[in-house]
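Visitor: I would like to learn how to read a model like this one. Please take me through it feature by feature.

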Amino acid sequence: MAIVTASTKQPTGIRHWAVTACVLLVLLVTGCRKLEQRADLIIMNGAEPESLDPAIVTGQPDGRVAGALFEGLTRFNPKNAKPIPGIAERWDISPDGQTYTFYLRTNALWSTGEPITADDVVYSWRRALDPLTASDYAGQLYYVKNGEGFNTGKTNNATGKVYTKEDVGVTALDTHTVKVDLEGPTPFFLDLCAFRTLAVVPRQSIEKHGDRWLMERPLPTSGPYNLDFWHIHDRIRIRKNPLYWDAKNIQNEIIDLLPAESATTALNLYETGEADIIWDKNLIPSELMDVLKGRDYVHTYDYLGTYFIRFNVTKPPFNDVRVRKALALVIDKERLVNNITKSGEKIASCLTPPGMEGYTSPDGLGRDIELARKLLAEAGFPDGKGFPTFNYLFNTSEMHKQIAVELQAMWKKELGITMELRQVEWKVYLSDQSKMQFDTSRSSWIGDYVDPNTFLDMFMSGNGNNRTGWANPQYDELIRQANQERDLTKRAKILHDAEVLLIREDLPIAPLFFYVGVNIFDPAKVEGVHQNLLDEHPIWNLRRKDGRSTSRPSAQKLAASP
Amino acid sequence: MMENLSPNQRAWRRFKQNRPAVISMSFLAALCLLVLIWPLFSKPALAKLLPVGMTHSPVELTDQPFAKPDMTYWMGTDVNGRDLLSRIMHGARISIMVGIVGALVSLIIGVLWGAIAGYLGGWWDGSMMRFVDILYALPSIVFVIVLITTLEELVKGWFTNAFGADFAQYSRMIFLFVGIGAVSWLTMARIVRGQVLSLKNRQFVDASRSLGAGPGRILFRHILPNVLGIIIVYITLTVPSVILYESFLSYLGLGIQPPFASWGSLIAEGAAQLNPVRINWWLIVFPAITLVSTLMALNFFGDGLRDAFDPRG
């Protein structure tokens with residue numbers, strides 16, 4: 001409207017007019033944003049990933065994306081999470097179970113078109129073990145001969161030299177054959193090969209770009225999807241990799257993975273049709289589970305996941321086992337699962353969840369307030385007097401906060417000690433935990449394979465996922481022994497003894513409850529999200545049933561309403 | 001008709017004719033009184049005499065999460081089963097305290113800065129007020145956020161060393177007081193400077209100076225008392241903006257930490273309950289009503305005071 005008034009015949013008026021028009025044009029152009037195509041599937045994936053580097057990621061949200069981009073020798077069967085052939089087409093296992101020979105597919109290609117070779121596998125595994133990579137999950141490769149030696153920089157007693165990457169028991173026999181020598185018979189080794197840490201990563205771009213290799217576009221990938229873009233706190237968009245060896249079975253062209261830390265946000269997006277799947281354990285709207293449980297889009301299932309508290313045993317007063325025991329003994333776990341989590345979780349006194357074949361966990365500590373007060377008094381804090389204020393680290397999530405408030409009140413009421421809440425975002429949480437900058441911390445662990453070892457080996461001293469500062473040589477020895485043992489009954493017994501040390505004797509952790517998995521998706525629209533013990537839902541298996549929707553659903557709704 | 005009234009008496013008379021302002025003042029007085037005596041209600045001796053809805057503790061967990069407002073819990077309970085009414089009252093303490101202390105911090109800095117700049121004049125005035133302009137240009141809420149996130153651990157460490165660990169949990173609260181106060185003094189400084197500029201050339205100042213009074217005496221004895229009215233008005237308008245600041249920070253999770261609550265953090269908790277499946281409406285409605293009505297009352301009260309003290313009126 002300002003333009004009309006400026007349409008005088010004076011030259012200054014024309015100039016004004018021109019300037020106004022230009023300004024309006026600029027505003028118009030900047031206001032426009034290319035309307036992005038709606039993805040075939042939109043998934044609420046949990047917190048914003050810390051990284052997408054398979055060797056670095058530890059969190060579930062991070063791992064799911066990394067797993068879509070990079071594949072290992074095997075991959076997970078979407079139904080039961082057992083290993084099935086991935087980049088390796090088949091394999092031979094020596095009779096003693098200590099040597100594996102993998103035969104790679106000849107049609108396995110990088111997204112750049114080059115073949116994936118045995119050298120790439122060797123490089124990727126050596127890189128994950130390299131101390132310079134600083135992978136917290138390097139322990140997954142300790143079962144490979146000299147893997148631990150190389151990762152921890154030990155000296156080879158036989159030769160007197162420090163272990164180098166050449167000593168690691170993985171070798172390329174030819175371009176498509178990989179031979180792996182193990183430290184002992186490892187019954188879950190094929191499961192490990194499907195795990196992200198062992199995925200095959202692009203050597204050339206890592207050597208060229210160093211730490212910033214994930215920024216390269218197009219990013220060379222070995223998995224079913226390519227990375228389209230990663231907009232921090234907006235979305236990660238992945239696009240079908242047409243050169244993937246199994247590309248003909250990949251149904252969805254574009255998938256968006258949205259970061260969210262609030263369960264309510266995720267549910268709102270789902271209910272308005274802006275998201276198709278919610279599958280992260282932090283995005284369960286626990287307060288609504290009593291209503292939601294009966295709905296056909298809510299799928300609950302058991303899986304191997306434990307919610308527990310880590311104590312920082314390097315700092316007083318938590319360096320005293322009596323203090324840790326006292327804190328663990330007063331937690332009213334029944335109240336937590338009945339009032340807060342509400343999805344039918346079972347309370348936990350041990351770390352390893354039920355459901356592992358051939359293994360029964362020992363019983364841990366129960367609830368005993370008198371004993372707790374006594375222990376705290378013996379540790380020098382009668383009635384909590386003189387006990388320093390300590391913090392409780394947790395990542396942003398309504399449920400974690402509610403649990404924290406409960407713990408805070410329980411400890412205050414029963415022991416008279418004061419806890420401070422420290423809520424931080426996911427990346428800060430992971431890095432503070434890994435740097436041991438906490439007193440106590442919310443933690444959880446999801447099994448990486450169906451074997452108690454996936455829960456127990458992380459508390460070996462020096463494991464990147466230990467994160468408590470706890471080191472017990474006896475425990476380390478037991479875990480090592482167990483993984484050398486071929487008799488499965490004996491092995492279970494040894495692991496049992498180790499777990500007793502962890503949850504009855506030393507308590508660097510206090511288990512709270514076992515997770516119940518909740519996936520939210522409409523089975524009429526989406527298929528391929530199977531509920532399994534590992535909470536693994538390979539993205540390559542997802543299918544949209546009702547065809548591609550190309551426009552945004554909200555726009556459709558607006559058009560439909562009169 | 002001309003009674004012999006002092007300016008303050010005349011202002012009070014004008015104020016009394018302003019109905020919204022008087023209602024707001026009574027509301028605020030009642031709220032402050034209630035907030036002050038609220039903790040007494042949970043004392044056993046008094047609790048017997050009172051209805052049960054008034055006697056809950058804000059930190060006590062119960063087995064009734066998400067109870068609807070009823071005779072036991074007048075405003076319902078939250079997820080941990082804590083009574084919402086007592087949490088709002090407890091939150092009011094913190095919100096009002098932050099409001100008042102923040103406003104006082106802004107008062108001290110603002111009045112001193114503005115008065116000195118205005119009185120000294122010249123180069124000093126120019127540079128001091130340009131400094132204010134620079135601070136005005138900074139987004140103040142971002143400034144407070146940066147302040148809290150960067151310095152908190154450091155200051156917490158000092159507190160722990162100086163006063164012991166139990167005191168350290170109050171460091172966030174002190175940060176809020178100082179941080180918010182430190183960004184809300186700018187307008188106060190400008191207003192005071194303007195007043196001082198016009199007053200310092202008046203005859204009574206010249207008279208005082210000719211009698212040998214120093215700058216300190218002139219400023220504090222003669223000039224500032226004349227600015228008092230406008231300072232009081234402005235302070236009442238600063239309190240609600242500081243409360244809003246704090247609520248905003250708490251909403252973002254940077255304000256008061258649990259188990260303490262402020263209105264902002266209560267609203268944040270209530271907002272997290274907004275979903276299409278089931279809305280526990282009381283969790284957002286009651287804290288929001290309290291916050292909005294208090295802010296409105298403070299604004300009406302401040303406006304009433306300003307109109308009353310305005311010599312043109």
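Visitor: What pLDDT does chain A average, and what share of the residues score at least 70?

Guide: pLDDT is the predictor's confidence in each residue, from 0 to 100. Chain A averages 88, and 93% of its residues score at least 70. This is a predicted model, in which local features need pLDDT of at least 70, side-chain atom pairs count only at pLDDT 80 or more, and totals for chains, interfaces and linings use all residues. Residues are numbered from 1 along each chain as its sequence is written, while chains are lettered from A and ligands numbered from 1 in the order in which they are written.

Visitor: Where does pLDDT stay under 50 in chain A?

Guide: Over residues 1-9 and over residues 549-562. Two residues are in contact if their C-beta atoms, placed from the backbone, lie within 7 Å. Beyond four places in sequence, the model has 10 contacts for residues 1-9 of chain A and 11 for residues 549-562 of chain A.

Visitor: Which strands does β5(A) pair with?

Guide: Two strands pair if DSSP finds at least two bridges between them. β4(A), residues 88-93, runs antiparallel to β5(A) and is joined to it by five bridges; D92(A) has T101(A) as its bridge partner. The hairpin of these strands has five residues between them, and there G97(A) takes a positive phi near 70 degrees. Five bridges also join β5(A) to β7(A), residues 177-181, again antiparallel, with T177(A) the bridge partner of Y103(A).

Visitor: How many residues does the contact take from chain A and from chain B?

Guide: It takes 24 residues from chain A and 19 from chain B. α13(A) gives the largest share of the chain A side, six residues. That side has 10 nonpolar residues (Ala, Val, Leu, Ile, Met, Phe, Trp, Tyr, Cys and Pro), five charged (Asp, Glu, Lys and Arg) and nine polar (the others, Gly among them).

Technical notes: Helix = DSSP H or I, 4+ residues; strand = E, 2+ residues; numbered from the N terminus.
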